[in-house]
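This report describes one protein model, moving from a charged pair to the overall architecture and then to selected residues.

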Amino acid sequence: MSTSQIGWITLDRTKSDLTAQLCHALRERILAGELQSGARLPSTRNLAEALGVARSTAVEAYSRLHAEGFLDAREGSSTRIASYISPPIIQRGFVRNLGTADATEASRLFVPGSPALENFPDKIWARCLAKSCRNLASDQLDYLANPNDKRLREAICHHLATRRGVSAQTTQIVVMPSTAMIVDTIARVVIRGISTKRACAWIEEPGYPPAQALLKDAGFNVVGVPCDDQGIDVSRCDGLAPKLIYVTPSHQYPTGVTMSLSRRLDLLKCAQANGSLIIEDDYDSEFQYIGPAIASLQSIDRAQNVVYVGTFSKVMAPGLRVAYAVVPLHLVDAVLTEQRQRGLSAATHIQAGLYTFLADGHLRAHIRIMNRLYAAKMSQLRTALLDHGQGVFEVANGHGGLQLAAWFNNRSVSDVDCVSRLGQAGYGIAPLSTFYLSHARPGLLFGIGRTPDDINNEVRRLIRLLLNYLA
């Protein structure tokens, strides 16, 4: 597909989430069979220019669709529609026969990474937003306004200090519309002045596919470092020393493992010895179900080698489009310059509303409510998989976070094919093999945010479908 063939993509610029709109447009056409298996897509640069959006929007859209299994993206070659897709994947008549009224909604069951949006405190949020908008100062609406709301930065700083042990000054807080934009910005700041041969980045194996794609797109040679039940093991990675290391220590994505203290110390020593910068993506650390949460990696960093990254997408809603980073002092100016030059700022009124939401204590209250809800959902899902899985899976511990990994005991199973088949029945589960750069292990990644009321019966139905396919 060339850029001249994308006139059918229409983005509503009155809505903030252009990435989600682009994902939806491409996903729907893949599912409908309008984009065929193996078809080549435009480069992210050409797509962004044709649609008049930031390149990061196209990069994030492709990354999401790759993570969902819709796209194949191999280093040094074009991005294409996944070869295993035989559209149309969702036949609405078939879905209705399964008792699901709306195919789009049904396909979101157990989708990883999505919070329980039906529990979003919309009335409280509306009051906070209205209150903040009425009190916006004129300088907050000017072109020259700081893209990072001062009061929100202060509120985030206080929140992170009390809940995550993060040590930072307000001036170190940077606010952007997404974690992807922050990772992309940090990667581009770090890679400047590094020769191509020495531009190596380490990422957990298995690891977060959008982060893999962003680091590659920035110019890094991305190397997967094995993870086990203690997290990333830097002693198992030979070869070129990294300039950047991306990790998810609180709940490793996708395994859910919490990085042990000894591994954290080894990682910090490795970074200091190699002059590396660590990106700590603390995306859903608020949700801990067994025992107390371990403090952030940044809280034990004494050498200013860690960029702490968080988001309101998981704890509140993705549609807010607000993420934040705590940047080491020596990188603050470079990151702020990059932010201003590329226009990577979250909406002023949303930042102001979030300040009120935090300052009035609503975030703390919402986290308490959601932590109880998600703990129950996680327990129900894990129990159901163990009770009805008939030995098919090795299920993760489910001690925290918004997703649960279940690996196939039979390593010859194609999890990509399984996910494709389950997608026909209305499930949004992700194949675990797509999280690996090499030596992939098949399995399924379940989200606990978008679940049915009766998780047990839904899992029984899912297992029956899966066993019929595996038979």
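## A charged pair and its exposure

Does Asp360 count as buried, partly exposed or exposed? Asp360 counts as partly exposed, because its relative accessibility is 43%; buried means under 20% relative accessible area, exposed over 50%, and partly exposed in between (1.4 Å probe, protein chains only). Asp360 forms a salt bridge with Lys131, their closest N and O atoms being 3.7 Å apart. A salt bridge is a side-chain nitrogen of Lys or Arg within 4 Å of a carboxyl oxygen of Asp or Glu. The pair links distant parts of the chain, 229 residues apart: Lys131 belongs to helix 6, and Asp360 to the loop between helix 12 (348–359) and helix 13 (362–388). Lys131 is also partly exposed, at 38% relative accessibility.

## Basis of the model

The model is predicted: local features need pLDDT of at least 70, side-chain atom pairs count only at pLDDT 80 or more, and totals for chains, interfaces and linings use all residues. Residues are numbered from 1 along each chain as its sequence is written, and side-chain values use heavy atoms, with hydrogens and water left out.

## Overall architecture

The protein has 15 helices and 14 strands; these are DSSP runs numbered from the N terminus, with helices (H or I) of at least four residues and strands (E) of at least two. Of its 471 residues, 57% count as buried. Contact means heavy atoms within 4.5 Å, and residues 24 or more positions apart account for 74% of the contacts with a separation of 6 or more.

Helix 1 is mostly covered, with 10 of its 14 residues buried; among them are Leu22, Cys23, Arg27 and Ile30.

## Further salt bridges

The whole structure contains 16 salt bridges. In one of them, the side chains of Arg55 and Asp217 meet at 3.1 Å, N to O. This pair joins helix 3 (residues 55–68), where Arg55 is placed, to helix 9 (residues 209–218), which holds Asp217, across 162 residues.

Arg450 forms a salt bridge with Glu118, with 3.3 Å between the closest N and O atoms. Their positions in the chain are 332 residues apart. Arg450 counts as buried because its relative accessibility is 15%, whereas Glu118 counts as exposed at 51%.

Glu280, in strand 8, is buried yet has no salt bridge; Arg264, the nearest side chain of opposite charge, is 4.8 Å away. A polar atom of the Glu280 side chain lies 2.7 Å from the backbone nitrogen of Leu297.

Asp284 lies in the loop between strand 8 (277–281) and strand 9 (306–311). Asp284 counts as buried because its relative accessibility is 2%. The side chains of Asp284 and His251 are joined by a polar contact of 2.9 Å. A polar contact is a pair of N or O atoms within 3.5 Å; within protein, one must be able to donate a hydrogen and the other to accept it, and residues adjacent in sequence count only if both atoms are side-chain atoms. Beyond neighbours within four places in sequence, Asp284 is in contact with residues including Lys314 and Gly401.

Methods: Lys and Arg count as positive and Asp and Glu as negative; His and the chain ends are not counted.
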